Amino acid sequence: MTEKILLHMCCGPCACWPTKKLREENFEPVGFFFNPNIHPHTEWKLRLKTARDFAAKVGMNFFADNHYRLREFLEKVLPVVDEADTIQFGDGFHKRCGICYSWRLCEVARFAAENNFKTFTSTLFYSRHQNHELMKKIAETFAKKFGVNFFYEDFRAGWQEGIDLSRELGLYRQNYCGCIFSEEERFSNDLRKARKKFFTRQR
Ligand code: SF4
């Protein structure tokens, strides 16, 4: 018998491998899009549409939080976003990312509890670019808080297969994490130079 599982989807491409794997493991994944971190609004709409299209293509039920929450996101992360965090990113990750994971995983656990899902997981565990261990701790904390189970799997094992699947399905593939800060870090030459200078000084 298959067991229903709430699958938080950060986007369409990252959902390809986890959806396949969960089905192989006898789960029936149901998608849930909650990503108020994404900037700008048009990008958020595009990622939401891609997630919805993916779910339709693979015959998966899908829910989404349709409110764009830029202001709330900024209120949460701005207190920790300073120049130092942007340039150094301490242990390899930004302080703001912990806040971003917490908000999203908290809402996923809450949605699971309020909608009779016993278990949830997230496509964030497919990404090679996130702080995997931190996300795991956060997901476990909110699972406990809301009385649901967090299903852990290191979906990074299917990294290349996931990329291939997303290409086969013709999904839009973004090239930065999501927030306005990650967009700047990805495309700003000035920021790249500032980082290089900082790390040269450190040596
Ligand atoms: S870089 Fe990604 S995980 Fe970190 S705050 Fe921005 S959107 Fe969230």
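**Ligand shell.** I looked up what surrounds the ligand in this predicted model. The shell (heavy atom within 4 Å of the ligand) holds N37, R96, C97, C100, Y101, R104, Q130, C177, C179 and S182. By class I get five nonpolar, three polar and two charged residues. Here Ala, Val, Leu, Ile, Met, Phe, Trp, Tyr, Cys and Pro count as nonpolar, Asp, Glu, Lys and Arg as charged, and the others, Gly among them, as polar. Helix α5 (residues 95-114) gives the largest share, five residues. Helices are DSSP runs of H or I with at least four residues, strands are E runs of at least two, and both are numbered from the N terminus.

**Conventions.** I number residues from 1 along each chain as its sequence is written. Local features need pLDDT of at least 70, side-chain atom pairs count only at pLDDT 80 or more, totals for chains, interfaces and linings use all residues, and side-chain values use heavy atoms, with hydrogens and water left out.

**Helix packing.** I checked α1 (residues 16-24) against α7 (residues 159-168): the angle is about 105 degrees, and the axes are 7 Å apart. Axes are lines fitted to C-alpha atoms over the stretch in contact, with angles from 0 to 180 degrees between N-to-C directions. So α1 is roughly perpendicular to α7 (65 to 115 degrees). In contact (heavy atoms within 4.5 Å), C16, W17 and K20 of α1 meet E161, G162, L165 and S166 of α7. I class these contact residues as three nonpolar, two polar and two charged.

**Backbone.** I found a cis peptide bond from H39 to P40, omega near -10 degrees. P40 is in the loop between β2 (27-33) and α2 (41-57). N26, not a glycine, has a positive phi of about 75 degrees. I place N26 in the loop between α1 and β2.

How values were computed: Angles under 35 degrees count as roughly parallel, over 145 as roughly antiparallel, 65 to 115 as roughly perpendicular and the rest as oblique.
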